[in-house]
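Dear colleague,

My findings follow directly after it.

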Amino acid sequence: MMRRPKTANFDESWKSISRVTTAVMSESPVERDEWCEQITSVYYLCMAMPTPLAESLYNKLKEYLIDHVHSCREKVLEASNDILPTYNNLYKTYSRGAGYLNDLYMHLNQHFTKRTIKNEWCDHYMHSIEKVKKFEKVQDLAMNIWRDEMIEKVHDPLVSAILHDITGDRRGVSTYSHILRDVIHSFVEVQSHEDPQGSQLQLYKDLFEERLLENTRKLLRERSSETVGAE
């Protein structure tokens, strides 16, 4: 059934939409009727008369996600010796939630996608195209915020904890080896939506790879010295 655009109360609509958004990001149950109702609310905001409210909704969602990731970051930094399992649990919940948000806000994604297609042929209006390009698909927005507001801000203690456990594992000490792969993979996964030919591994290389290689060289030197000393 075709929905007709109508006037919308942004604050009231956002109150309901944000409630479901919070449930999604914490993996709390949402009733089917409520889920469908808020998808419709997103649609009416994007198609609101006389002026669409899609950009306001996008900005509000972005603000919400930044605040949410800041809260997650505080939990990670407070975790101390449990930083790896804490980070891993929060990331898995967040990344799954980001996928669900893509469905909840599908009309927001469609709104900006249509604008992009509409303006692509008008390349002499470059200012218009540039304005469109600042909007990302909701899932991409969420993952980029995790990268910028979480990984970029806590990579030093996080990578140090990873290297500590890798060293322990190589020496036969019990560690969090079962979650190391997932934590390291998150450095790649947050950029999986970007250019698959080049940039997916950039964050991994910038924040982790060189420190891993240096840690490996150090361990090999230590083992070499131990072997020579034992002869």
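Pro-50 lies in the loop between α2 and α3. In this predicted model, the peptide bond joining Met-49 and Pro-50 is cis, with omega about 0°.

Glu-27, in the loop between α1 and α2, has a phi near 55°, a positive value in a residue other than glycine. Glu-27 is partly exposed, its relative accessible area being 37%. Ser-80, found in the loop between α3 and α4, also has a positive phi, near 55°, and is likewise not a glycine. Ser-80 counts as exposed because its relative accessibility of 52% is over the 50% cut-off.

Leaving out residues up to four places away in sequence, Tyr-87 touches Val-76, Trp-146, Met-150, Ile-151, Leu-158, Val-183, Ser-186 and Phe-187.

Finally, which residues does Glu-34 contact beyond its neighbours within four places in sequence? They are Ser-16, Arg-19 and Val-20. Glu-34 itself belongs to helix α2, residues 32–46, and its side chain forms a polar contact of 2.7 Å with the side chain of Arg-19.

With kind regards

How values were computed: Residues are numbered from 1 along each chain as its sequence is written. This is a predicted model: local features need pLDDT of at least 70, side-chain atom pairs count only at pLDDT 80 or more; totals for chains, interfaces and linings use all residues. Side-chain values use heavy atoms; hydrogens and water are left out. Helices (H or I, at least four residues) and strands (E, at least two) are DSSP runs, numbered from the N terminus. A polar contact is a pair of N or O atoms within 3.5 Å; within protein, one must be able to donate a hydrogen and the other to accept it, and residues adjacent in sequence count only if both atoms are side-chain atoms. Contact means heavy atoms within 4.5 Å. Buried means under 20% relative accessible area, exposed over 50%, partly exposed in between (1.4 Å probe, protein chains only).
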